[in-house]
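Here is a short report on one protein chain. Look at the sequence and the 3D view first, then read on.

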Amino acid sequence: MPIIVNLDVMMAKRKISSMELAERIGITTANLSILKTGKAKAVRFSTLEKICEELDCQPGDILEFKKE
Amino acid sequence: MWNKNKSLFLSRILTDVCAGLAVIFAFFVPGGAEWYNYISEPIGFLADKNVTVPMIIIIYFCIAMAFCVLWSLHKLLNNIANEKVFIPENTSCLRMISWACMLAGFSMAVLALWRAIFVFFAFLLIFFGLVMRVLKNVFENAVEIKSENDFTI
């Protein structure tokens, strides 16, 4: 998929663990792992909003479009 | 009180009963074919020829197809019992059922060369195979939608 999820980069910048972030945004670590590894097929606006709020970033910092 | 589990149990029992009946039926095919050749009205392109041997071969082929269908139904019911409904394996089962019905239908169409009445059975089987094929297509899309839903975070 040409959409790349840079969540792990953002998490490393903010020095936050998967478990902590999952707990803060209210999703399971398994789902966060799906999101981080790029296996997710869609992201809810509500989830994206919470991630941006917790990591203090913009959606564009997490999602990137690259032509195949 | 009637519930989902009892309904599933009934379906499994009926599948097993059908398998048993198919086995019993298989023993009577040669005798039945001879009897049918004797009593049937010879209408068809090869009406003057003896229908016994082709009928035995085609009926056994149809029984084999019936076992394929029953095995697929058994797998489907097992998966449903394990709460795995929208999975690719079930789509394969439906595809198998569809092809088995279609092949049985085409074999019946061949038998119609000897006795035209089998055109009716051929039509029914091919029609049922077509219905199952459409159902398989619907199921295939449902599996995709389920996977999309599962991977929406």
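What share of the 68 residues in chain A is buried? The figure is 31%. Keep in mind that this is a predicted model.

## Fold

Chain A has five helices and two strands. Follow the sequence and the order is β-α-α-α-α-α-β.

Contacts tell us about distance along the chain. Take those in chain A between residues at least 6 apart in sequence. Of these, 63% join residues at least 24 apart.

## Size and surface

How does chain A compare with a compact globule? A compact globule of 68 residues would have a radius of gyration near 11 Å. Chain A has 11 Å, so the two agree. Along the principal axes, the C-alpha atoms of chain A fill a box of roughly 35 × 20 × 20 Å.

The accessible surface of chain A is about 4,600 Å². Carbon and sulfur atoms account for 53% of that surface. As for charge, chain A carries 11 positive and 10 negative side chains. The centres of these two sets are 6 Å apart.

## A closer look at A:I4

A:I4 sits in strand β1, which covers residues 3-5 of chain A. Is A:I4 buried, partly exposed or exposed? Its relative accessibility is 28%, so A:I4 counts as partly exposed. The buried class stops under 20%, and the exposed class starts over 50%.

Which residues does A:I4 touch, leaving aside neighbours within four places in sequence? They are A:I62, A:L63, A:E64 and A:K66. A:F65 is 61 residues away from A:I4 along the chain, yet their C-alpha atoms are separated by 6.2 Å.

How values were computed. Residues numbered from 1 in each chain as written. Chains lettered and ligands numbered in written order. Predicted model: local features only at pLDDT ≥ 70, side-chain atom pairs only at ≥ 80, totals over all residues. Heavy atoms only, no water. Helix = DSSP H or I, 4+ residues; strand = E, 2+ residues; numbered from the N terminus. Rg over C-alpha atoms; globule rule 2.2 N^0.38 Å. Buried < 20%, exposed > 50% of the residue type's maximum accessible area, 1.4 Å probe, protein only. Contact = heavy atoms within 4.5 Å. Areas by Shrake-Rupley, 256 points an atom, 1.4 Å probe, with all protein chains shown as cover. Lys, Arg positive; Asp, Glu negative; His and termini not counted. Charge placed at Lys NZ, Arg CZ, Asp CG, Glu CD.
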